[in-house]
Amino acid sequence: MFSVRQLAHAYDGKDVLRVDAWQAEQGAQWLMLGPSGSGKTTLLHVLAGILRPSAGQVTVADQDMMALSPSALDRFRGKHIGIVLQRLHLIDSLTVLNNLLLAQYLAGEAQDAARVCEVLASLDLDDKAHAHPHELSHGQAQRVAVARAVVNKPKLLLADEPTSNLDDARCVQVLDLLLAQAHACGATLVIATHDQRIKSRVPNHYELTGVAA
Amino acid sequence: MNLATISFAYLKARRLNTLLNILLLALGVATIVLLLLATTQLDQRMRRDAQGIDLVIGAKGSPMQVILSSIYHLDVPTGNIPYKQALEISKHRMVKKAMPLALGDSYKGARIVGTTHDYLTHYDAKFASGKRWEKVLEVVIGAEVAARTGLKLGDKFHGSHGLGDAGDAHEAHPYVVAGVLARSGTVLDRLVICSVESVWAMHADHHEIKDINDIANQMKEEEKEYTALLIQYASPIAAAMLPRYVNNNSAMQAASPAYETARLFSIIGVGVDVLRGFALVLVFSAGLSVFIALYNALNERRYDLAVMRTLGARPRTLMLLLLFEGLLLALIGGVLGIALGHGLTEVLGHALKAAQQVSVTGWIWVQTEWWVLALAAGVGVLAALIPAWRAYRTDIAGTLARG
């Protein structure tokens, strides 16, 4: 679960985000909707603990994020939060296998090759373990990014515009994937998107309207 | 998966750049190591050859030439000294030990040294085969002479006049090998050693001597000559008195090995310093190149670094990653450079051997090399310092929001 209250963030003296209250149950699946520039990415970064908001309260998995020291926050993020970035950003110098092991290593978890293989298998990637990201198709790379986000069994899984630029068939595939993987590790899922096609597939919607000038 | 494997993966991903940096560093380190090994061994050998010899007395001329010709057998002698005067000095109360040398002939480039058994004892010579010379014309040969000329126990050969290869052969009297010395790392390795009388005998024809076995008695006193006298002092006071006594009271001159070798090293030292400076420039330009490579790589890797932060990496982990990369590069370059330095020294040793000079080998380890490795490592870490600091300060949200 997570909850956000009285959240505000200003950047360069300009308000870019304001959220009164938003709460989600553990394991719930949410869409975060809103037009470009409404602060979707900013809110996602706040939930991920990579951006400290100017004001407000953020709680993820019963942990008050604002109370954590920077280094404890890093540790917490590594262990409990998985992120699928819009442009994936897999590490190209490392193999698929090592990209996933890296996620375990940096989170301070034991490096568990069995778990990595299990995740890769569940995403139909077993034969790509030793490939480098640039050798993968976009679809495969996206699945690797999802695998990397869930390998540590996070409490919260975040995805930033995962379906933009995908045709309808692929859009459905990716969405299914995220829902299934979030469900498999019992993670709360938040998908930031402006893609109207997936609205009907996810029960909970949170609409960001942007900051009134 | 740890910092080392990640660093290694990044180095591998930029193969060409990595190779260039390693090569640059390795060349610098190799030059330093080559100088280190060569000068250390030269110093060691020269010290060992001159050990226990406090003073050399030879004919007037350059004192350095006297030292080089009579201790190291590198230069030509300044001339000869009269037997009577040499004998007089040998019996001086400040002289503990005096070893005469009679030079002038050679065999295939190896110098023939007429001396006494003391000379062998002085260098603690061990025999590989045979024994010391007993009769006139019997010789003992050094290990390198044996290896190079193929002379064996019992072989006969003709010495040639002069120290070069081109001298006339002394056809009348062949030498015979009575002993072959074991390799000792001293000057003995490249000498043919015999009694003073044997050297005199080569020139016996000039003195109309019939039985060369009795040459010491048949030659007239004033015709006998030595080339030099190696002296060991009886007491430290002799250092102050004896050289002046010799220089003032005879036609001979006294030269101090300690002083002349120090002077020689200060002359060589300038060249060594220049080369060492050049090597340091190489090492530091390697450092600069590593710095530029890492700094540029930061730009390509800004998303990687941001992503690592989202995966839980602390800022200091990223800093360590960059420092480790610099260190890894430096250590590979350093180790490679040390290996290359040893190899080059060995090659140099072979070249010097062909030129009959002081022998140098690459197969030794000098403690100072640890410092060279530390220097390389230091340069690597220093070069990574600024990139590491920038990695430390990675702005995750800002970077990811832009791409």
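Biologist: Is the crossing of α2(B) and α10(B) left-handed or right-handed?

Modeller: A crossing is left-handed if the near helix is turned anticlockwise from the far one by less than a right angle, and right-handed if clockwise; the crossing of α2(B) and α10(B) is left-handed. Before we go on, this is a predicted model, in which local features need pLDDT of at least 70 and side-chain atom pairs count only at pLDDT 80 or more, while totals for chains, interfaces and linings use all residues. Residues are numbered from 1 along each chain as its sequence is written, chains are lettered from A and ligands numbered from 1 in the order in which they are written, and side-chain values use heavy atoms, with hydrogens and water left out.

Biologist: At what angle do the axes of α2 and α10 of chain B cross?

Modeller: Axes are lines fitted to C-alpha atoms, for helices over the stretch in contact, with angles from 0 to 180 degrees between N-to-C directions, and helices are DSSP runs (H or I, at least four residues; strands are E, at least two) numbered from the N terminus. Here α2 (residues 15-50) and α10 (residues 257-300) of chain B come within 8 Å and cross at roughly 170°, and α2(B) and α10(B) are therefore roughly antiparallel, a term for angles over 145 degrees, whereas under 35 counts as roughly parallel, 65 to 115 as roughly perpendicular and the rest as oblique.

Biologist: Which residues make the nonpolar surface patch?

Modeller: Patches are made of residues with over 30% relative accessible area (Shrake-Rupley, 1.4 Å probe, only the protein chains shown as cover) and no salt bridge, nonpolar side chains (Val, Leu, Ile, Met, Phe, Trp, Tyr) being joined within 5 Å and like charges within 9 Å. B:Leu23, B:Leu27, B:Leu340 and B:Leu344 make a patch of about 340 Å², and B:Leu23 lies in helix α2 of chain B.

Biologist: Which side chain meets B:Arg183 in a salt bridge?

Modeller: A salt bridge is a side-chain nitrogen of Lys or Arg within 4 Å of a carboxyl oxygen of Asp or Glu; B:Arg183 meets B:Glu144 at 3.5 Å, N to O.
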